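Hi,

Here's the structure I promised to pass on.

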Amino acid sequence: MPDVQSLVNEFILKLKKRKIEGSQATARQTAVLLRSVISQQRIPYTSQAAALIDAVRAVGEQLIAANPIELAVGNIVRRVLHIIREEDLSLTTAAIEGLNVSSVSDDDGDTDKDDTPGLSAAALAAAARSTLRPPSLQTLLEDLPDSSAIPHTSSSGGDSDGKSKSADKSTRSRKLKHDVIEAINELIQDIDTCHDQIAEQAVEHIHHNEVILTLGSSKTVLEFLCAAKEKKRSFRVFVAEGAPRYQGHLLAKELVARGLQTTLITDSAVFAMISRVNMVIVGAHVVMANGGVIAPVGLNMVALAAQRHAVPFVVLAGCHKLCPLYPHNPEVLLNELRSPSELLDFGEFSDCMDFGYGTGTPLLHVVNPTFDYVPPKLVSLFITETGGHDPSYMYRLIADYYSADDLVLQRKVASVK
Amino acid sequence: MGAPKKSAPKTSSSDDPEELARVPLQAVLLADSFTTKFRPITLERPKVLLPLVNVPMIEYALAWLESAGVEEVFVFCCAHAKQVTTYIENSQWRSQPNFTVTTIESHNSISAGDALRLIYERNVIHGDFVLISGDTLSNMSLVRALQDHKDRRKKDSNAVMTMIIKHSKPSSATHQSRLGTEELFMAIDPTTKQLLYYEENANHLKGTLSLDKMLLVDNSSITLHNDMQDCYIDICSPEVLSLFTDNFDYQHLRRHFVKGLLVDDIMGYKILTHEIHSSYAARIDNYRSYDTISKDIIQRWTYPLVPDVLFPGDSPTRLDRQGMYCASEIQLSRSAKVGPLIVIGSSTVVGSNTTVVNSVIGKGCIIGSNVLIEGSYVWDNVVIEDGCELRHAIVCDGVIMKSGSRLEPGVVLSFKVVIGPNFVVPPYSKVSLHQQPTVEDSDEELEYAENSSDTIHSSTRGQVDKPNGGSSSDLSEMQQQSIPELGLGGMGYIWSICEGCHEEEWKHSVAPIPPEKLTEITRAIEDDLDLANMDRNAPASSGELKPDTQVDSEDDENEDSRDDSTYFEKEVEATFLRAVNENIKVDHVILEVNSLRLSYNMQSVDCAGAIFYSMMRLASQLSHSTASELYKNVGSVVSKWQKLLKSYLPGKDEEIEVILKFEEICLESVKELSPLFTQILHFLYDKEILSEEAIQDWETEKADADESDKVFVKQAEKFLQWLREASEEEE
């Protein structure tokens, strides 16, 4: 797989150099990369799922290390791992149903070479964990018999199964891979269409003659506002410019091009304007498991202003932005400091950067953080592809998308550090 | 004279747009600064491999080139070429897709000029290339600058180089204290951004600048900058290499090449400037700029070339509050005070009650307790025992500082030096295991002499290594020698600072400028200002003299130019006659006339006139008895050589010039042509050598001339009438 490795390296370089902008693009490219990793991965006859998981995890670790700030990478890696587990699980259940109940007892007595006591203990632990885990909303709704799945969460169940039915084995391994790739394709499609799916809900939230405030520029927000406009809602938008990168200017331009009544304000004017605003709609960089939001700098201030005037603060986020980590995890780097040149002209201030005078310590420090952390209590509503959610509901949503085992991924990286 | 001939075919090939698109962007990285400013460290390791914030300088340059879209880099190594080559072989750059790094080794190059000549001989550069030295640091995007460069090249093939400049605060004190460089003066044409004047050693000029007055003649406006910083990043066309080859005395890129091009107006090569605003670019020229640029990196001006983003390497670095970059696996004592703006490399141990402020500490260092490190650069695997004090010093790999020793500001300790206990190293001293080379001349004027000894690595090495070429016996001998020099158990030599240089030492050191020197500088500036004011108040002394000399020289110039033009005409005529006699192809004649034009500094108008003159002469010299035969001669000559004439008639103005010239010929040199004036004019019009507009303009130009001048207009009256009618009919 030299070509996969070179693809991975190329992507890592891009991440390192911060060449990929925006979490949607990053998420999409990560998913595409992982798809090719999986399709090129040779699968042994036994423990196919474990082999896939190992491969994805190995690549994932490198990717996360390349740009620890872009949490979307880790999210997608975990999503893919979760997909593999799910597909493996559904295949096993299908196989067991076909094989009759006897195979379950067969599982216990089997002296499989991979089925060492350690592994079975791990399997038991995994099983126990999934029983402890509250049933996800999806399973409740789809009314799947959750209990039947429990004994087979680990790959060991599949191994013994494969051993007893060698003819089935090859088709199964091909099937697993195929299914996983299908599911990843779906994931990629989901990422591609997340803007549209979120935008579809715009009419439910934006009403006639309302005033919407946003800060900086977000593709999701743009689509959301335009979708409401297309549905013949007439409303006005205040755009805070989003210093120091001033992406709000671009957003304002874009909104005007689409025929929306737009007002551009400075970031510091937000508090003065907020009393006239009906709703704040913003994009996010990442949504953490506790419902806190990592968002472009300045948003915490906007959220506080909104709370003071009891204006709903709505965050739009595609599912790839949901991060299963808590912001107090030491691995979560909340911020990236960019070049001070976005704030100051180096030439004009070069005399303040002078180290030749006095003690050699410059008196001027410039700090240019990229992100703000907005605590969950300031957020009124999250809108994802699946609909509107309360911040306190985020952990349940995350449980739907990620399997609890994959938090290990992060711990492994930490131990390497 | 060789340059235009050599570059001419190249120009034509690279002007082809397809050709341009096909050539991958190349870069030449000079992994040698050809100076001695980083001695004694550079005796053992090339400058480009010296760590800048714990990463070798060349990494920054390569990372920038890679991200700027350069696909092929030629690293030219000279001093310690083996070390550079091995480093690149083992680096990550080898395995990168779409990015190749090739090393070119040379052992006998002593200057940037030699390096570029060698690269020209290798014939590896095929298109526009980026020329930087390995100690340059930038995060600018090349796209705009490259595009501008290419666009200009399409319009004017003489724009061979684009120089990147950056705004910086205009104060000579700032120049000195920031990068340790002299004040730089540039004159730039504000509309075309052409560089017209470049002077970097302005201090030697005692506050006066003299601009060539021709600059003001040729350019409608000039802006004179002292607030620009030269980034030492150039986008060059392949001609630059051939220029270096043709002018074998070019050594220094700026001092010789840039100034040479600016002075030399024969070839008409131009240097353009491109100003960058928000991006960062700087070059590490001396210890002071090393200090400044390190701090710029820590303050993230060079983003994304900052320790926590681009170079995690084996151990990722994390950025904490107040610009503290800490690698993982470091041991910091709880009582250690690590202050703002510091970088600590992996596996470093810092003992209790130690204070580290504004400093960079490399990998695997062991720092004892009660140590003070302030504004210093400690490289890898350094051992600093308890109670040491370091202020504004550079400490290289493997140095051992015994307990209680102290480094005064500006000290440089080279590799593996050992400082004895409680020893105080005096300010600005440089300590190395190598003895100071006997040739000690770091004066500006003698720099080249020394360069040769620096870069012909073997020779210096020879000098230095011989005394301790052996092993243990020599070492012990050295130890004995140095006991008094560096305290008990100390190893190394303190390089003596020559008398003259001691004054200059503070300028280029890592230590901040001492306050008394600073006041000296500012006072000097004020003095200069006073002086300037005085000058303005008393213009009688100097002010009157200058205009006189100017007038004189102008007169000279005019006479010169008159002489020149007659000579030029004769030369052209001779060339033309030779061409007629030997049946030389028109293209070749054009080439020859072009070279004559360049050497006499003439315009193409003059060429047209001269060629027409020689054609008429030729026609009149051919045997003829009657006017009609003469006309026939003229006709045959003109139709045979019309291509030659036409190539110098790009526009109406030149055509008018030819008509005027024709008048002159008829009046002065070949009078027998005068009755044929109208006929020939008509003939030239028929042959489409002269356009209708040109003839009409000529008529209007003549409208308010003297009666005597109007002879030919009157003669041509009928023809002009016919022309007017024809044009009216057309309308």
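Predicted model: local features only at pLDDT ≥ 70, side-chain atom pairs only at ≥ 80, totals over all residues.

Residues are numbered from 1 along each chain as its sequence is written, chains are lettered from A and ligands numbered from 1 in the order in which they are written, and side-chain values use heavy atoms, with hydrogens and water left out.

**The sheet.** Chain B has an open sheet of seven strands, ordered β5-β4-β1-β6-β12-β8-β13, with mixed pairing. (Strands, E with at least two residues, and helices, H or I with at least four, are DSSP runs numbered from the N terminus; two strands pair if DSSP finds at least two bridges between them.) On average, neighbouring strands here are turned by 25° against each other, direction ignored. Strands β8 (residues 159-167) and β12 (residues 228-236) of chain B run antiparallel and are joined by six bridges; I165(B), for instance, has D230(B) as its bridge partner in β12(B).

**Helix α5(B).** Eight of the 11 residues of α5(B) are buried (under 20% relative accessible area, with a 1.4 Å probe and protein chains only), so this helix is largely enclosed by the rest of the structure. Those buried residues pack against β1 (26-30), β4 (72-77), β5, β6, α9 (239-246) and α10 (253-263) of chain B. One to look at is R117(B), which sits in this helix, residues 112-122, and is buried at a relative accessible area of 9%. Beyond residues up to four places away in sequence, R117(B) touches S111(B), F244(B), T245(B), N247(B), F248(B), Y250(B) and Q251(B), where contact means heavy atoms within 4.5 Å.

**The cores.** A nonpolar core here is a set of buried Ala, Val, Leu, Ile, Met, Phe, Trp, Tyr and Cys residues joined through side-chain atoms within 4.5 Å. The largest has 70 residues, and L29(B), L52(B), W64(B), V75(B) and V130(B) touch the most other members. Helix α3 (residues 57-67) of chain B gives the largest share, eight residues. Apart from this core lies another of 58 residues, among them F576(B), L618(B), W698(B) and L723(B).

Cheers

Key:
Axes fitted to C-alpha atoms, helices over the stretch in contact; angles between N-to-C directions. Buried < 20%, exposed > 50% of the residue type's maximum accessible area, 1.4 Å probe, protein only.
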